Amino acid sequence: MIVLEKLGPFFTLLAAAMAAFLPGLGSAKSVSRLGQAINGVLTEQPELFGRALILQALPGTQGIYGLLTLFLILTRSGLMEYGFSADITWYQGLLWIAASLPNTIVGYISAIYQAKVCETGIALIAKRSDQHARVIVLAVVVETYAIFALLASVLAIFSLS
Amino acid sequence: MDKIKILGLRKEKASVLQFLQKQGVVELIETEVSESELSNQVDESEQRLALQAREAEILQNQTRLNSAIQILENKYANVPQESADLLISSDDLLSVQEREREIIELFDQMKSAEEHKIDLAAEREQIQREQDILLDWLKVDINLEQTSTERTLVLLGRLEKTALPELEQALTENSISETAILTLDSGETFDLTAIVIMREHELLINQLLKQFDFNYLPINKSGTPNQIYRSNEQKINKIDTTVHELETKMKSFAAKRFDFYLLSDYYTVTLEYFSASKIPVDTLYTFSLEGYIPRTVSRKAEKKLEDDFTVLVEITELKPEDGYPILLKNKPFAGAFQNVLEMFGAPSTREIDPTPGLAPFMFMFFGMMLSDVGYGLLLTLGCACLIWKKKIDTSTESGQLVRMLFLCGISSTLWGFVFGGFFGDMLTSMSDSNINFPCLWFNPMDDPQKLLIWSMIFGVIHLFGGMVMKIINEIKFGKISNIFFDIIPWFLIIIGLGLLFGGSSLSMTPFDLAEVGKWMAIVGAAVVLLFAGRAKKNIFSRLISGIGGLYGVVNYLGDILSYTRVLALVLATSVIATVINFLASMVSGGIIGWFFAVVILICGHILNLALSGLSAYVHSSRLQYVEFFGQFFEGGGWFFKPLRYKTNYLKIKEEQQFKSS
């Protein structure tokens, strides 16, 4: 129990780290997959680069939301200010983990699902480049849930501090 | 929108079509030709073949021309053009036909110059590689070509100094003693050696040398290394002068790239004319065609056509039920947001143009989501520079987008003042909390719950806007009863529920707002329950439809919750900006520290502006498409695409005699 009592800052840091690395992982995976698909299209139609780049950037936002959550947890928990001497109990730490979960999990998964929409979208704009804008909107519908998850985490973080 | 029918003499067909293309006000209708009409059509295979051949020629030339333009624009973009004015009259465009040969010739010269340049560059690189190797051999005074006699071979190359004794030992081990290793010159770590061997040992020794990393001299020219080096130097000089000449030549072509633009655009226009000329139905002496024409110009066009040509023109006024293409007409502010609608699709002919309703909300939500004085000003200034300094054509798709972003930037600046954001919290963080950027309302970072409620309230206003559009549509369709049974009750229910749950906190009136809200919601719900299924005769199925109608409250709830994304995006923009400022303030201090801080600030904030701007654009568009249009939009129309001069590089002066006034 004595060990557990000292784990508050650890749990908090874990919450922040998870919020950053899992969505970041999802974004990296998606962005890389899209990059490969785009390279294929560019061999035939190099003029599509600008449009394709925007599509590639879309599933990258989840990683940014993760960073945002990390920052909010670090500042709101006082970890950034007080570091090792931060006064956080172990159950407070567990609460931080719970608060970071929506963004952590949904961010990771939605990035990958969004990449699937973007990937077929790239195949579409390779044939009809005028449909570019609609492809973006369709991909953004998926991102809606990453945003809601971010909102859930942010509200939880604000209500904890 | 009117329908125009033209019946004319066949010999005038080409000039009538060219006239229409110049005016750019008629969209031709492709009519399906029936069997009997088809047999009336004259056999004109010869003419048609000639036309096809010309079309193929143009297509081919145009592809080559465009690739040439790309080369010139990529490599010589800053060469000033002879005629910088990209605005030309349509007559100038058509008269380029006479110079077609000449321009094609110019293009061929440019192409061969470019190819010659590439070849020379490759040759120069090869010689340069030889030079690099020869540098080590300059002091060696033997003819490189004479490397063999009848029975012996001379292998020239570089050998590591450490490898020499090992090689000698290996040679004796393999009992090849009739070999001489001569050191011609030595560098720091290697010797330049000539190995004289018997021809019969060639294979074995080559294998051995490979083991010891013997670096063969790959040059086999006559003369000593020194002589070869000199002659190579001369060659390189010669190539350099030729390349320089070619470069000036290319620059002179680049200065004339206006001609290439002109011809390429002429081809585009001609191709469109060709495909249009296939639409009219021909008989032996006449042709007939049908098209759509905006009502504002139809009478003038009729008169002009009948005056200038031997044609019969018939104008019929179209009613919304007939279906015709959509030509949007909006005031400047709303018009800037027209491309948001164009991206989604055209409304049907019966309903109201959604642009005026959509524009203020797009303006508001984009601004809220970005909400930063710094970013807003950057966006506005950037777009203003594109519009007024670079003279970007605002009639094109990208030009319209720039115009919209210009307005959105203003909105972001205003909201930035409201929420107190200037590059996030740059002033606070850089001045160690001595200066705070003022905020007019409240800072979302301090009170996110407040913004959560407000973003839903703005969402409700947006949805009500959509419902008002629906009311206007129902009036247009003549279905007044729908307004009272399907739309007004929902106003009551949503406002009522809002007051019921939120009214108690607004205790500024003597009334009990929650009580008022309760009764509003009950009345609204009762109307929906009783009248949603009013088309049904049976009382029970009518009630069941009513319950189904009440289920719509879930849809509205989902729509309203969808607006909470506004809060998330506001926080995303300001938190990322805060992180950037935080990083910059960590490194700041001292000259070097401040240098890095400024680099971090500039790169970081530009990146954040790009990402947050993109998010604000796509998410405010989405709120229009799904939540706003979901209330009323029917769609199913198509946009007006007249036969006109559609150019890629140049802009045609507007000189239509009867452009809509």
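Analyst: **A strand pairing and its surroundings**

B:Gly157 stands opposite B:Tyr216, which belongs to strand S7 of chain B. The model is a predicted one, in which local features need pLDDT of at least 70 and side-chain atom pairs count only at pLDDT 80 or more, while totals for chains, interfaces and linings use all residues. Residues are numbered from 1 along each chain as its sequence is written, and chains are lettered from A, with ligands numbered from 1, in the order in which they are written.

The two facing residues sit in an antiparallel pairing of strand S4 (residues 152-160) of chain B with S7(B), made over two bridges; strands are said to pair if DSSP finds at least two bridges between them. Helices (H or I, at least four residues) and strands (E, at least two) are DSSP runs numbered from the N terminus. The pairing belongs to an open sheet of four strands in chain B, ordered S5-S6-S4-S7 and antiparallel. Its edges are strand S5 (180-186) and strand S7 (215-216) of chain B, each of which pairs on one side only.

The loop that leads from helix H7 (202-211) of chain B to S7(B) contains B:Asp213. B:Asp213 has a positive phi of about 55° although it is not a glycine; most residues other than glycine have a negative phi. B:Asp213 is exposed, because 12 other C-beta atoms lie within 10 Å of its own; with C-beta atoms placed from the backbone, a residue is exposed at 12 or fewer such atoms, buried at 20 or more, and partly exposed in between. B:Ser371, in the loop between H13 and helix H14 (373-389) of chain B, also has a positive phi, near 25°, without being a glycine. B:Ser371 is buried, however, because 29 other C-beta atoms lie within 10 Å.

Another antiparallel arrangement in chain B is built around strand S1 (residues 2-9), which is joined by eight bridges to strand S9 (residues 286-293), with B:Leu7 opposite B:Ser288. S1(B) also pairs with strand S10 (residues 311-317) of chain B, in the antiparallel sense and over seven bridges, and here B:Ile4 stands opposite B:Ile315.

B:Tyr645 lies in the loop between H23 and strand S11 (651-652) of chain B, and B:Tyr645 counts as buried because it has 20 C-beta neighbours inside 10 Å. Beyond its neighbours within four places in sequence, B:Tyr645 has contacts (C-beta atoms within 7 Å, placed from the backbone) that include B:Gln21, B:Ser90, B:Val269 and B:Ile652. The C-alpha atoms of B:Tyr645 and B:Thr270 are separated by 8.9 Å, although the two residues are 375 residues apart along the chain.

Helix H17 (residues 448-477) of chain B has 30 residues and should span 44 Å at 1.5 Å a residue, which agrees with the 43 Å between its end C-alpha atoms; the expected span is 1.5 Å times one less than the number of residues. Among the buried residues of H17(B) are B:Leu451, B:Gly459, B:His462 and B:Lys470. The buried residues of this helix pack against helix H7 (132-160) of chain A, and also against H13, helix H18 (480-502), helix H21 (552-562), H22 and H23 of chain B. After H17(B) comes B:Gly478, with a positive phi near 75°.

The contact between the chains takes 19 residues from chain B and 21 residues from chain A. On the side of chain B, helix H22 (565-587) and helix H23 (590-632) each supply at least two residues.

Overall, chain B has 23 helices and eleven strands, and of its 661 residues 29% count as buried. Its C-alpha trace spans about 120 × 85 × 50 Å along the principal axes.

As for confidence, chain B has a mean pLDDT (the predictor's confidence in each residue, from 0 to 100) of 83, and 95% of its residues reach 70 or more. Where pLDDT is low, the predicted coordinates should not be read in detail. For the complex, the predictor gives an ipTM of 0.73 and a pTM of 0.74.

Notes. Contact = placed C-beta atoms within 7 Å.
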